Every structure is written in structure tokens, then in C-alpha cells.
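Have the sequence and the fold open as you read.

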Amino acid sequence: MSISSTTMQIYDQYLTTYRSQNNNRSNRKSKRSLRHATHDTSELQNVYRTIQWKNRFAPLYLTEPSPRSIAYAIHLKESANDLKQTIDALSGDDDDLFSMKSAYSDNESLATVEYEPEDAEDFVPTDFVLEVENFASPQVNTSKYMKADQPVRLKPDSYSFDLLTNKLHYELQFNVHEGDTNSDLQHKLARLINNSDIGVSARVVEARGLSALEVTSDAYGLPVQGERHFTITDENTSYQNGIVDYLELNKNIKEATNAIYSINGNEESSYSNTFSVHGAYHVTLHPEYTGTGMTMSDQITARAAAATTGKTATATIGLYPDAESLANNIETFVDGYNHFMNGVINDSVDAPLTKLLSKDLQKFLDLHSYNLEKYGISINEDATLEYQKSDDITDAAAIKGFGSQILRKLNAISLDPMEYIDRRICAYPNPNTSYPNPYMTSIYTGMLYNNYM
């Protein structure tokens, strides 16, 4: 098939707008969503057969798509696929819609949890008690506090120091100029370390006219090799030494620690503040729970007092009952659907482009309004939804049927978003013949599925 200028515009619009967005979006999505974002050979073959079947019976349209309508068609297709992934992610491993169980934590300031059933071990309890004795922490070297605006007491020259990690050896070089203050020097070193991307980060801490350089390892927990994640030295460096002693970068060191916690009384540890329990529960601890604004000495005192009294930070983590999980799933669907609608209709300046889609979805929702009302879902005039959450509903048959229907609708939208752009019918297909690919729909439809290849 020859490539027209219109097709090239579509390719350019897709690649420049969605290629990078897809990559960034994938990093933010949970594994549960990503599981439904991949497609095997049979699914791709089914998409191709569906395109062929649609093209056999589709009329020939006359279109002169503008750049705005091209952008809208691609955006509509991408948005429909995102909503499909949201709905698919609410199904269990048996693909039973809206059956995904969800987990809770009764102390989310201490620990939050996500439930991933595909990672489950042989036995997964419905709940357990988490007791946290210590959080995982990085290594932190803090220089001495110095008067921020005081001139540096080092002669102007080229200096360097070595930063040794468990894997690599880095030499960092910098200059001290006449008139540099302690704050200038500390900020210069912080930028040098951060721009080097060597597994540590740095910042300048300021208080009451004093400032200090704080260097922190990216890695949490006890080092797998060696005593520390990094060491700072200038004993055998290439240029002038003296910066390590001047700032006292190796005197105030907070050692890295592992997270220490108990599951139903059984003590365990983790290098990270994120760990799995029974495979399926993915728990994230929040170190700020020890007290925002508390000094390190206050935190140590508080932990010592907790150890003396036998009190530790606790949270009960478990699965919501089926009725509450169903309500959470419906709420997630409604939020995802409204996000879809707001993205493809309300954000568009060109109202005629959205008119066909809005009318079509309003008609679709009206057909299912009776079943939706059973679950506290009402339909607004702009085809968005409102949800009055209820944990008393246990019969999911009607909402599952609606889920199947809206998935079919979204598949149709993704298959040919050009249906929602005004176009004239020029000719109908000959019912006595059956050609595999006779109409121009394939220029848009087939190409728009290129993201799955």
C-alpha cells in the first residue's frame, strides 16, 4: 500500500506525541496493569482478522482529515486502550471482571500495601500483623557545620578527592577561587556529586547561618560487600588534598541499616523499605512515620523508649471482604472512565470532533443505566459517571456484564477511531464480492495498532 501524506502525518503525530509518553507511563503503572498491556501472537492475529472483516463490509468514505482530527483520532485510540487496561487489571487471574481482591493497611502512615495475586505463594493469609522495629536507611555522611558566609580557609587552587564505592573508584576535581565562601564551596561540591551520577547524592543543609554538606548513598540497607556503601578520601588524589579534613566529611557518619520487622511475631529483615509478604502482599514502609521534624537524637530516644516499654509501630494488613473489594473495583473503573471522558471530550477545543463520540457513549450508557443504578452509578448529561460507594452489594453479575460490553465498545473505538470524525459515504461495498482489504479504513486502523508490534 502506498504511503500518502495523510498517513505520514498520522505516523509523525503518533511517534512524537505517544512514543515517549508510553515509555514514561509504563514506569508508573503497576505490574498488574502492565500484565494487560502486552499481547501475544494470537491476539495480534485476531486484531488483523478483525480489521480485514471490518474492511470487507465498510463503505468507502471521503475524508480530508485535518492535523487536528488526526491528532484527535490517535488520542482517542490511545485513551481507549488505557481504559481497557484499567478494566482488565480489575479482573482476577481467571479473567473474571471486577473480581480483583484489594488489600488494606489500618495504619497507612506506617505502611501501605498493594496486592498482586500472580505473585502469591502456596498459602496467603487473609490478614497479618506487621510490627516495625527499624526502617531501612541509607548511609549519610554529614560534614561539620560552618559559618555559611565565611570565606573558605583553603588557598585558591585545584583540588580533588576520591569517592570509593563497593564497585567503582571516582576522582572528583574542582577549583577553589579567591573569595569563595563555605556555602559556595558546599554547593559546588553538591552539584559536582549530583551531576556525576555515581550512586550517591548530596545537598547543603542550612540552619541559623550555618551550613553543612550532606552526602547520602542511593542504596539502602547494609552493604552486601564491605562495611559501607561509600568512602570519601583525598589521601592519594591527583590534585591538592585537604578538602576532606577541612569539611570533616568522614567524622559524622550515619551507617546504613536494614528494615527490621515482624510478621505475626516472626522477625524478618529487608535491605529496602519495600518487601513482599507471602509473595502477594507488596508492603512499603514509610520512615517519616518516626516523626516529621524530629531530630535524629529525638528519633533514637523515641525508639529506645519504645524498646523499653515493649511498644513497636504496628499495622494490620489484609484483604478487604469481597463486597468491599467489588466496591473498590467499581470506584477504580468509574475514576478511569471519567479520566477517559475528560481527556477525549472536555480537553478538546474543537467541539465538533467530540460530538459523535459523546452522543454514541451517551446512547450506550442509557442502554445499561438500569444495571448501573443497582451499584450506585448514575449517568451525567456529559456522559460521565458518578458513583455512590456501597459495600453492601455482593451480586456482581450485572456489573460484570456491563464490563464485557464496555470492553467491546472500547475495542471498536480503538479499532477505527476515524468513525468518530465527520466523513461522507461515497460508495457501499458490493455484496456479491468479498475483498480482504478494499477500503481506506486500513490506512488508519492497521497503522494505529503499530504500537503493539
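Below are some notes on the chain as a whole, then on a helix pair, a loop residue and one more helix.

## The chain overall

Keep in mind that this is a predicted model. The chain has 12 helices and 20 strands, and 43% of its 453 residues count as buried. If you take the contacts between residues at least 6 apart in sequence, 74% of them join residues at least 24 apart.

## α4 against α11

Let's start with a pair of helices. Helix α4 covers residues 67-88 and helix α11 covers residues 397-415, and their axes come within 8 Å and cross at roughly 155°. Angles over 145 degrees count as roughly antiparallel, and α4 and α11 are therefore roughly antiparallel to each other. The crossing of α4 past α11 is left-handed.

Which residues meet here? On the α4 side they are L76, K77, A80, N81, L83, K84, I87 and D88, and on the α11 side I406, L407, L410, N411, I413 and S414. Sorted by class, this contact has 8 nonpolar, 3 polar and 3 charged residues.

## α11 by itself

As a general point, an α-helix has 3.6 residues a turn, so residues three or four places apart point the same way.

A89 sits in the loop between α4 and β2 (103-105). Is A89 buried or exposed? Its relative accessibility is 6%, so A89 counts as buried, the cut-off for that being under 20%. A89 and M100 are 11 residues apart in sequence, and their C-alpha atoms are 7.7 Å apart in space.

## α5 and what covers it

Helix α5 runs over residues 182-196; at 1.5 Å a residue its 15 residues should span 21 Å, and the end C-alpha atoms are 21 Å apart, which agrees. The residues buried in α5 are N182, S183, L185, Q186, K188, L189, A190 and I193.

What covers the buried residues of α5? The cover includes the strands β6 (146-147), β7 (157-165), β8 (169-176), β9 (200-207) and β10 (210-220), along with the helix α6 (243-247). Just after α5 ends, D197 takes a positive phi of about 50°.

Note on methods. Residues numbered from 1 in each chain as written. Predicted model: local features only at pLDDT ≥ 70, side-chain atom pairs only at ≥ 80, totals over all residues. Heavy atoms only, no water. Axes fitted to C-alpha atoms, helices over the stretch in contact; angles between N-to-C directions. Helix = DSSP H or I, 4+ residues; strand = E, 2+ residues; numbered from the N terminus. Parallel < 35°, antiparallel > 145°, perpendicular 65-115°, else oblique. Left-handed = near helix turned anticlockwise from the far one by under 90°. Contact = heavy atoms within 4.5 Å. Nonpolar A, V, L, I, M, F, W, Y, C, P; charged D, E, K, R; others polar. Expected span 1.5 Å × (residues − 1). Buried < 20%, exposed > 50% of the residue type's maximum accessible area, 1.4 Å probe, protein only.
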